[in-house]
Amino acid sequence: MPTNTPSNRASSAPPTGNRRQQLAAQAAQAERDRTIRRRVGLALLVAVLAAAIFAGVWLGGSAISSRSTAATASSGAQDNGVITVGSATAPVRVEVYQDFMCPYCGRFERANGDDVAHLVADGTVRLELHPLSFLDPSSQGSQYSTRSANAFVTAAKADPQHILAFNSALYANQPAEGTPGLTDQQLAQLAVGAGIDPAVAGSFTAMTYRGWVQDGTTKAFADGINATPTIRINGTTWTGDPYTPGTIKAAIQAAPHE
């Protein structure tokens, strides 16, 4: 049986006043250490989240930037129902007849829009966009096709450098066919997000180019356009697969130069 030695008695005795103060100081220091660790951990978490948000914003901005540089200063809306993007001396001419409510136009843009934009940027393609409004009856009376096309032309006239970014944004946020579509405010927000000046976006409601869009749509029908997207390369209707990435790029690269 263990004896109650002096050392054992000392360890089991209540702490003296000085000892209590030491223990209290140690406990306080431990709590301060835990507080510091929590704060450091929170700071690291905030830093990681901030870095992630910054990376997302930067990557998003670079995506828009790649579309922005694709449209040269010489691009812009013309008066014959066409918005021309790219160098006038580009060796390949690509025409795209589109309606911003057309789901198949959206599929084409999402699959091949980046390739077309890059080919415009490197001087290979002169892109001619025809914004049409034939799906107005499919937007519950809101005339979404006309409103979105008017917004697009308004932006192209004022700020051609960012028009491909806006084109991409309209399809990335495309409403379903048969719905009222995006509001004028939502169209303006997309435009500003694509780099269009807020004052230009704020003028969309004036519908300055309603007649321009209607005349362009009438002309497209008269020229035999009966479906969207219709894509022509150097004046010849392209009959390839418009919904698989890389197909239009291959067709453009194989096309003879004008």
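Pro229 sits in the loop between helix H8 (210–222) and strand E5 (230–233). Helices here are DSSP runs of H or I with at least four residues, strands are runs of E with at least two, and both are numbered from the N terminus. The peptide bond joining Thr228 to Pro229 is cis, with omega at about 0°.

Before the rest, the terms of use. The model is predicted, so to speak of a local feature takes pLDDT of at least 70, and side-chain atom pairs count only at pLDDT 80 or more, while totals for chains, interfaces and linings use all residues. Residues are numbered from 1 along each chain as its sequence is written, and side-chain values use heavy atoms, with hydrogens and water left out.

Asn234 is not a glycine, yet has a positive phi of about 55°. Asn234 lies in the loop between E5 and strand E6 (236–237). Is Asn234 buried or exposed? Asn234 is buried, at a relative accessible area of 19%. The cut-offs are under 20% relative accessible area for buried, over 50% for exposed and partly exposed in between, using a 1.4 Å probe and protein chains only.

Met207 is the other one: a positive phi of about 55°, and again not a glycine. Its place is the loop between helix H7 (198–201) and H8. Met207 is buried, with a relative accessible area of 15%.

Now the chain as a whole. The secondary structure comes to nine helices and six strands. Of the 258 residues, 41% count as buried. Take the contacts, meaning heavy atoms within 4.5 Å, between residues at least 6 apart in sequence: 77% of them join residues at least 24 apart.

Thr154 is in helix H4 (residues 144–158) and is buried, with a relative accessible area of 8%. Thr154 and Thr208 are 54 residues apart along the chain, and their C-alpha atoms are separated by 7.4 Å. Not counting residues up to four places away in sequence, Thr154 touches Val200, Ser203, Phe204 and Tyr209.

Next, helix H5. How many of the 10 residues of H5 are buried? Eight are, so H5 is largely enclosed by the rest of the structure. Those residues are Ile163, Leu164, Ala165, Phe166, Asn167, Ala169, Leu170 and Tyr171. Leu170, in H5, has a relative accessible area of 0%. Leaving aside neighbours within four places in sequence, Leu170 is in contact with Phe100, Tyr144, Phe152, Leu187 and Leu190. For Leu170 and Phe152, the C-alpha to C-alpha distance is 9.0 Å, at 18 residues apart in sequence.

Helix H3 has 19 residues and reaches 26 Å from its first C-alpha to its last, close to the 27 Å expected at 1.5 Å a residue. That expected span is 1.5 Å times one less than the number of residues. H3 also has a kink of about 60°, centred on Asn112. The bend at a residue is the angle between axes fitted to the seven residues ending there and the seven starting there. Just after H3, Gly123 takes a positive phi of about 90°.

Among the buried residues of H3 are Phe108, Glu109, Asn112, Asp115 and Val116. Glu109 has a relative accessible area of 10%. Rolling a probe the size of a water molecule over the atoms shows where empty space is left. On a 1 Å grid over the protein atoms alone, a cavity is a set of points where a 1.4 Å probe fits but cannot get out, and lining residues have an atom within 4 Å of a point. Grid points are joined across faces, edges and corners, and a volume is the space filled by probe spheres set on the points.

By this rule there is one cavity of 30 Å³ or more, and the largest cavity has a volume of about 120 Å³. Which residues lie nearest its centre? Of the 13 lining residues, they are Glu109, Val116, Leu127, Leu129 and Asn167. Strand E3 (92–98), helix H3 (103–121), strand E4 (125–131) and helix H5 (163–172) each supply at least two residues of the lining. H3 gives the most, with six.

The lining divides into seven nonpolar, four polar and two charged residues. Ala, Val, Leu, Ile, Met, Phe, Trp, Tyr, Cys and Pro count as nonpolar, Asp, Glu, Lys and Arg as charged, and the others, Gly among them, as polar.

Key. On a 1 Å grid over the protein atoms alone, a cavity is a set of points where a 1.4 Å probe fits but cannot get out, and a pocket is an open set with protein on both sides within 12 Å along at least five of seven lines; lining residues have an atom within 4 Å of a point.
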